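Please read this briefing with the structure open beside it. The points are grouped by topic.

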Amino acid sequence: MLRRAAALLAVLAAAAAVLLGGAGTAAAHAALVATDPAQGAVTATAPAAVTLTFSEGVSLTTDSVRVLDPAGQQVDNGDAAHADGKDATARVTLRTGLGNGTYTVAWRAVSEDSHPVGGAFTFSIGAPSDTTVPASAVQGAEPDAVVAAAYGTARTIAYAAFALLVGSAVFVLVCWPRGAAVHAVQRLLMTGWIALLVSTVAVLLLRGPYERGTGLGQAFDLTLVRATLDERIGTALAARLLLLAAGGVFLSLLVGRLGQEEPGEDPADTGTGPAPAGGEEDELRALERRAAERPLRDARLGLGVAGAVLAVALTATWVGADHSSVGIQVPLALPTAALHLLATAVWLGGLATLLVGLRHAVPTAAVERFSKLALAAVTVLTATGVYQAWRGLGSWSALVDTEYGRLLLIKVGCVAAMVGLAWISRAWVARLRAAPAGPTADAVVGTAADAAKTAVESPVEGPAEGPAEASGGAGDDPVRRAQLRRQQAARAAAGERRSRDGGPARAGLRRTVLVESVVAVAVLVVTTMLTNAPPGRVAEAVAATAQTPAAPGASSVPGRTTELKLPYDTGGSTPNAKGTATVTVNPVATGPNQVTLKLDDSTGAPVTVPEVQLAFTLPDRDLGPLPVTLAAQGTGRWTGTAQLPLAGNWVVSVTVRSSDIDQSTATEQLKVG
């Protein structure tokens with residue numbers, strides 16, 4: 001079983017590496033909404049500091065904001081911190097005596113929901129100038145590909161291990177207490193605990209390189225580890241490790257206490273019916289049995305309470321540092337997310353335990369109890385999932401227009417498939433309950449226990465030369481006693497095989513649970529990707545401040561004039577609602593570029609519009625949009641200067657407003673350098 005569990009985790013890791021590696025990095029969760037100096041501004045004198053304002057709180061390090069002069073040299077004092085104690089700001093002071101020219105501000109921070117964000121912008125002192133900034137100095141939000149894949153895989157395994165640990169423990173405590181004595185179930189519990197411990201350590205080590213966009217070799221940098229521990233997610237990971245230490249003690253008690261019961265006993269099924277018939281002696285035995293079971297039931301209750309506290313505390317280490325901790329309705333979102341995660345663990349982890357139990361004579365009553373428990377978990381999942389979807393999306397269009405929405409649709413499809421399989425499983429459970437032929441798992445285990453008890457109390461003596469001890473009835477003959485014991489052992493072994501292999505009902509249930517478990521792996525992978533994707537509300541807000549790159553367009557050679565034609569259509573009914581924007585750039589090189597913008601209608605005549613905006617964005621470096629200040633040069637004609645500090649594939653965007661309500665944005669690519 002340990003090999004099967006390890007193989008399952010390996011498949012999970014591989015799936016996460018493929019899906020997470022191909023999904024790309026999530027867009028920024030905290031958007032840069034204002035800067036001082038402003039993007040593209042020209043100041044008469046050197047500012048004393050640079051201040052950034054974000055849409056939500058961010059975590060900073062001393063080098064989160066760097067300011068580079070026209071020669072690419074760092075001119076800040078390396079003291080990035082929040083401005084006036086406001087979590088949604090970042091400020092770094094500048095050295096004195098700065099000369100004129102264009103300066104580049106590169107920044108990198110961590111959103112409140114634990115996701116890294118980054119970007120850059122420019123401003124000028126005195127007048128714009130040529131700028132030489134190395135690409136390595138401007139790090140966007142994109143982490144190293146290998147680190148991102150490893151980090152995503154570790155987080156997926158952590159989710160799977162949590163579900164396995166919590167779900168199997170709940171299954172043992174609520175549905176099948178005797179399962180604590182089954183070695184395969186014990187290995188399942190330990191696999192979940194070890195996998196969660198190892199994956200948590202991996203996430204802690206990989207978090208620093210993931211945030212800063214460095215390579216895998218920085219994973220063991222103690223400076224980065226200490227910096228991670230100072231963040232909210234680092235505190236949550238440290239708390240999770242401490243809770244896992246307590247979880248190890250809990251597992252030892254769970255296995256030690258519940259594993260002490262007799263193999264044929266199931267406390268969940270005893271002590272509730274009438275006393276066995278057969279006189280005062282049988283009634284006395286029944287009373288003794290119930291008295292012996294009382295400490296075991298008390299132990300189950302105590303372990304159940306302790307396990308529930310540990311499970312809730314472990315859940316808090318996820319929801320306290322993710323999407324639920326920021327945004328709207330946080331006081332309601334936190335408990336809702338905790339319930340969602342716990343219900344997921346009870347359902348998916350319980351499925352894995354049931355799959356193991358079906359191969360180790362799990363009682364039919366335990367299967368029925370889990371069926372009811374799974375139905376309750378699915379009900380909680382549905383209610384909390386609907387609320388989380390509403391909170392994360394914000395609009396119906398976000399379902400198809402954002403990565404978060406598309407992943408949510410995939411998860412809903414997977415969960416719907418699991419619910420359908422669960423109904424098939426319930427049908428197999430009903431058949432299993434109604435099956436008249438063959439011993440049940442409880443009877444099989446009881447027969448095996450009786451045979452073992454007989455063997456202990458009446459050891460095989462072989463043919464005796466003298467008279468046998470008087471025991472009354474057929475038991476006086478030692479040969480017959482030995483034959484009877486062999487027959488009982490054979491019947492018990494055959495019954496155990498039938499119970500394990502199951503007949504049609506048990507075999508059918510095992511197949512549907514196996515398929516359900518495979519779909520559960522996909523659910524866990526998509527869940528991890530959802531937590532790494534910006535919620536639809538955030539993605540739409542960020543998209544409103546930055547234009548999406550268009551398909552590859554015109555390229556240019558440095559030092560030569562390039563002309564881009566961008567057709568636009570605002571959808572209005574006025575004559576200026578449709579036409580062509582012509583953008584001329586010279587010399588198409590890093591540094592200042594002279595820009596001319598012309599708007600013409602379909603006949604080539606200049607048009608007048610209430611508003612027009614021109615901006616440049618470098619998506620690969622999260623640089624921009626850098627707006628261009630336009631000066632009117634007649635009807636439909638403007639000129640300005642674009643500061644392009646880095647070489648790369650820039651996106652030129654022209655926003656045209658033809659009336660109070662009609663507006664459109666046209667984009668085209670421009671290769672610089």
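The model is predicted. Its mean pLDDT over the chain is 76, and 74% of the residues reach 70 or more.

**Confidence**

- Among the elements of the chain, strand E6 (residues 89-93) has the highest mean pLDDT, at 93.
- The lowest mean pLDDT among the elements, 42, belongs to helix H1 (residues 2-23).
- Residues 267-277 have a pLDDT below 50. In the model this stretch makes 22 contacts beyond near neighbours in sequence.
- Residues 437-475 also have a pLDDT below 50, and this stretch makes 44 contacts beyond near neighbours in sequence.
- Where pLDDT is low, the predicted coordinates should not be read in detail.

**Helices H2 and H7**

- Two packed helices are described by the angle between their axes and by the distance between those axes.
- Helix H2 (residues 145-175) packs against helix H7 (residues 330-357) with their axes 6 Å apart and at an angle of about 70°.
- Angles of 65 to 115 degrees count as roughly perpendicular, so H2 is roughly perpendicular to H7.
- On the H2 side, the residues in contact are Tyr159, Phe162, Ala163, Leu164, Val166, Gly167, Ser168, Val170 and Phe171.
- On the H7 side, they are Leu341, Leu342, Ala345, Val346, Leu348, Gly349, Gly350, Ala352, Thr353 and Leu354.
- Sorted by class, the contact of H2 with H7 has 14 nonpolar residues, five polar residues and no charged residues.

**Val198**

- Val198 lies in helix H3 (residues 183-212).
- Is Val198 buried or exposed? Its relative accessibility is 52%, and exposed means over 50%, so Val198 counts as exposed.
- Val198 and Ala154 are 44 residues apart along the chain, and their C-alpha atoms are separated by 8.6 Å.

- Strand E9 (residues 562-569) and strand E10 (residues 578-586) run antiparallel and are joined by eight bridges.
- Within this pairing, Glu563 has Thr584 in E10 as its bridge partner.
- E10 also pairs with strand E11 (residues 591-600), in the antiparallel sense, over seven bridges.
- Here Val585 has Val595 in E11 as its bridge partner.
- How many residues lie between E10 and E11 in their hairpin? There are four, and Val588 in the turn has a positive phi of about 55°.

Definitions and conventions
Residues numbered from 1 in each chain as written. Predicted model: local features only at pLDDT ≥ 70, side-chain atom pairs only at ≥ 80, totals over all residues. Heavy atoms only, no water. Pairing = 2+ DSSP bridges. Helix = DSSP H or I, 4+ residues; strand = E, 2+ residues; numbered from the N terminus. Axes fitted to C-alpha atoms, helices over the stretch in contact; angles between N-to-C directions. Parallel < 35°, antiparallel > 145°, perpendicular 65-115°, else oblique. Contact = heavy atoms within 4.5 Å. Nonpolar A, V, L, I, M, F, W, Y, C, P; charged D, E, K, R; others polar. Buried < 20%, exposed > 50% of the residue type's maximum accessible area, 1.4 Å probe, protein only. pLDDT = per-residue confidence, 0-100.
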